[in-house]
Amino acid sequence: AICGFTPMAAVPGLRWKLDMRTWVPKPMEFQFLIDLLPRMSSHAVRQQPSDSAKQKELLEELLVRAGVAHALEQQWHLVKFKRPAGTALALQEPPEAAPAFSFAVAIRGDWLYLATERNCQVATTGWDTELGPDAAGFDRKSVVDLVPEIARMGYELTVEQAAQS
């Protein structure tokens, strides 16, 4: 089944958005976050042709991993993804508790969007016209929101500790 794109549906899945302009990482901070990712994902970030493309890829990785883990009510590092050659992240296998779980990501200008559904396929029809900075039904997130371990330890402190090691 395909769920229509209605951000305020009766039982909506997760809807997150991130303004990519709000994060201007220092080199150590950027490297620290890349190193939190599994090898296939850190490689996908590092192989991007420009710094802005690397940043966009990293933010997409973090948004997908954090959002899917949140939607599935699991710790983010326990959710297993695969990345078939040349494609975006996908779940390795459907979760037992939500075998029809799906997610979709979109980038529109400086904004990154994630939608999840537990019981149907996320429909992206209408995203070209409905997504924007004021997209209804999407919760705004920041980088600190995407990596719970960093948020719990204090983001700036963690980056400083990473720089010292």
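This is a predicted model: local features need pLDDT of at least 70, side-chain atom pairs count only at pLDDT 80 or more; totals for chains, interfaces and linings use all residues.
Me: What makes a stretch a helix or a strand here, and what makes two strands a pair?

Reply: Both labels come from DSSP runs, numbered from the N terminus: a helix is H or I over at least four residues, and a strand is E over at least two. Two strands pair if DSSP finds at least two bridges between them. β2 (residues 15-19) and β8 are joined by three bridges and run parallel. β2 and β6 have five bridges in the antiparallel sense, and β5 and β6 have seven, also antiparallel.

Me: Which residues face each other in those pairs?

Reply: Tryptophan 16 stands opposite aspartate 139 in β8. Aspartate 19 has tryptophan 111 in β6 as its bridge partner, and alanine 106 is opposite tyrosine 113 in β6. In the hairpin of β5 and β6, two residues lie between the strands, and glycine 109 takes a positive phi near 65 degrees.

Me: How do you know that the length of α3 agrees with its residue count?

Reply: The expected span is 1.5 Å times one less than the number of residues. For the 22 residues of α3 that should be 32 Å, and the end C-alpha atoms are 31 Å apart, which agrees. Just after α3, glutamate 73 takes a positive phi of about 55 degrees.

Me: Why is threonine 116 called buried?

Reply: Buried means under 20% relative accessible area, exposed over 50%, and partly exposed in between (1.4 Å probe, protein chains only). Threonine 116 is at 2%, so it counts as buried. This residue lies in strand β6, where seven of seven residues are buried. Leaving aside neighbours within four places in sequence, threonine 116 is in contact with residues including Gly13, Ala71 and Val122.

Me: What about alanine 66: buried or exposed?

Reply: Alanine 66 is at 7% relative accessibility, so it counts as buried. Its place is in helix α3, where 17 of the 22 residues are buried. Beyond neighbours within four places in sequence, alanine 66 is in contact with Trp16 and Leu146.

Me: What makes a group of residues a nonpolar core?

Reply: A core is a set of buried Ala, Val, Leu, Ile, Met, Phe, Trp, Tyr and Cys residues joined through side-chain atoms within 4.5 Å. The largest has 34 residues, and among those touching the most other members are Leu33, Leu58 and Phe101. α3 gives the most to this core, with ten residues. A second, separate core of ten residues includes Ala106, Trp111, Tyr113 and Trp127.

Me: Why is the pair of tyrosine 113 and phenylalanine 138 called edge-to-face?

Reply: Rings of Phe, Tyr and Trp (its six-membered ring) pair if their centres lie within 6.5 Å; planes under 30 degrees apart count as stacked, over 60 as edge-to-face and the rest as tilted. By this rule there are three aromatic pairs. Tyrosine 113 and phenylalanine 138 are 5.3 Å apart centre to centre with 80 degrees between the planes, and that makes the pair edge-to-face. The two residues are 25 apart in the chain, with tyrosine 113 in strand β6 and phenylalanine 138 in the loop between α4 (127-130) and β8. Tyrosine 113 is buried at 0% relative accessible area, and phenylalanine 138 is buried at 7%.

Note on methods:
Residues are numbered from 1 along each chain as its sequence is written. Side-chain values use heavy atoms; hydrogens and water are left out. Contact means heavy atoms within 4.5 Å.
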